[in-house]
Amino acid sequence: MKKVFLIAFAAMLCQQLMAIKTMPIQGEVIKPTDAHIQYAGRISFTNPERPAFNFPGVQIAAAFEGTSLRMLAKPKSGYFMAQIDKAEPFKVAFRGERDSLVTLATALPDGVHTVKLMYAIEGYEFFPEFWGFVLDKGKKLVDAPALPSRKIEFIGNSITCGYGNEGLKKEEHFDYATENHYYSYASITARNLNAQHWVVARSGIGAYRNYDGPKTGNPESNMLVQYEYVGYAWKPELRHEATFLREKWDFGRYQPDVICINLGTNDTSTNNYDLKLLKQNYKKLLQMVRLHNPKAKIVFLSGSMLYNKELQQVKQLLDEVTAEAKKAGDNEVYRFDMAPIAGDEWYGNDWHPNVYMDEKMAGELTAYLRSLMGWF
């Protein structure tokens, strides 16, 4: 009995030591429910005071009074890009066990300022949450500039995520510190066109087969499975847990003008793929995307990590899917090919495009979408 008591006492003491108390937050705490905060991207508001997400590119914007701004988030949420007014964007990190408050700005001229945040990485391992802002005492949020009226959706893989694009060597492997969706071709294209962009993307994902998957495909976790959910579940059983990953996405919340689908690289990544199955799933994905977005133009992209035989096969397959869709009566399906990487100066980590290649791809896609959409 005495032994049991000592064990229980030790456990209680350990819990008390771990429950470290800190000074209360000084300033005006702004909850995520404040009506002045603008959100863009697939976000769960099931708990409105803890908006949750895990796709890259989720954006949060606001206008605030005062001279300083701090941000609250769940500890270990990962990396965000932040921009105050029109200053140069910078990266902030929530990586520590208790790292829930980060300073975004201080010593600003007293007045009204704007903040734009973008989730820079894939959060499928972090389950990030936004917890609000902290302003100077007595200050508040005010009306922020309206979001752009133009709307793009990007469906893709690691290239769209920005995997390794801040890396310097193709031989070096993945690290969250070198993944930055803000500098991806998708994000740059949206800024070039003054458009919103919402993202459904995950490294390694395919239309029918994920990276190095079986020849029969990955029906449990390919894009056909992921597209209809708020967040990405890299293991199917995660959807059965009491998290936002169980939520089906409400497509009424965002109807894009144009949807860019950039898949196929992982489907054909190793010599173990079936082109018939790939085409079949591309057609199913097109049907699914069209069902939920009846008025959008849909563009199938190729590039920039496809080469030689695989590049030609994917391009031909996409041409066929597009032509067959048009023949069946869907005249708003299109094709565009971005140039493959050609030279070491364009590589980031793991042979992925670096930020310079992302800028190059964005330039190509921007010109195409300007013409397609009449966005001048």
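Residues are numbered from 1 along each chain as its sequence is written, and side-chain values use heavy atoms, with hydrogens and water left out. Because the model is predicted, local features need pLDDT of at least 70 and side-chain atom pairs count only at pLDDT 80 or more, whereas totals for chains, interfaces and linings use all residues.

The domain assignment divides the protein chain into domain 1 (28–142) and domain 2 (151–373); such bounds come from an automatic or database domain assignment. Taken over C-alpha atoms, the centres of domain 1 and domain 2 are separated by 27 Å. Where they meet, 30 residues of domain 1 are in contact with 34 residues of domain 2, contact meaning heavy atoms within 4.5 Å.

Helices (H or I, at least four residues) and strands (E, at least two) are DSSP runs, numbered from the N terminus. Helix α7 (residues 355–373) has 19 residues and reaches 25 Å from its first C-alpha to its last. This is close to the 27 Å expected at 1.5 Å a residue, where the expected span is 1.5 Å times one less than the number of residues. At the N-terminal end, N354 caps α7, with a side-chain oxygen 3.0 Å from the backbone nitrogen of Y356. This is a polar contact, that is, a pair of N or O atoms within 3.5 Å; within protein, one must be able to donate a hydrogen and the other to accept it, and residues adjacent in sequence count only if both atoms are side-chain atoms. Just after α7, G374 takes a positive phi of about 70°.

The buried residues of α7 include V355, M361, L365, Y368 and L372. Here buried means under 20% relative accessible area, exposed over 50%, and partly exposed in between (1.4 Å probe, protein chains only). Among the elements that cover the buried residues of α7 are β11 (150–156), α3 (185–192), β13 (258–262), β14 and β15 (333–337).

Helix α5 gives a second example. At 1.5 Å a residue, its 18 residues should span 26 Å, and the end C-alpha atoms are 26 Å apart, which agrees. At the start of α5, a side-chain oxygen of D274 comes within 2.9 Å of the backbone nitrogen of K276. Y282, L285 and V289 are among the buried residues of α5, and what covers its buried residues includes β11, β13, β14 and α6 (308–327).

Aromatic rings supply further links. Rings of Phe, Tyr and Trp (its six-membered ring) pair if their centres lie within 6.5 Å; planes under 30 degrees apart count as stacked, over 60 as edge-to-face and the rest as tilted. By this rule there are 20 aromatic pairs. In one of them, the ring centres of Y282 and F300 are 5.5 Å apart and the planes stand at 90°, so the pair is edge-to-face. Because Y282 lies in helix α5 (residues 275–292) and F300 in strand β14 (residues 297–302), this pair ties together parts that are 18 residues apart in sequence. Both Y282 and F300 are buried. Elsewhere, ring pairs link Y39, F45, F130 and F133 into a cluster.

Charged side chains also meet rings. A charge sits over a ring if NZ of Lys or CZ of Arg is within 6 Å of the ring centre and within 35 degrees of the ring normal. R50 lies over the face of W131, at 4.2 Å from the ring centre, and the charged end of K91 sits over the ring of Y79, 5.1 Å from its centre.

Several single residues complete the picture. N222, in the loop between β12 (195–201) and α4, is buried, with a relative accessible area of 3%. A polar atom of the N222 side chain lies 3.0 Å from the backbone nitrogen of L224. G167 is found in the loop between α2 and α3 and is buried as well, at 8%. Although G167 and V355 are 188 residues apart in sequence, their C-alpha atoms are 8.6 Å apart in space.

Some backbone features also deserve attention. A cis peptide bond, with omega of about 5°, joins G303 and S304, and S304 belongs to the loop between β14 and α6. N194 has a positive phi of about 50° although it is not a glycine; N194 is exposed, with a relative accessible area of 53%.
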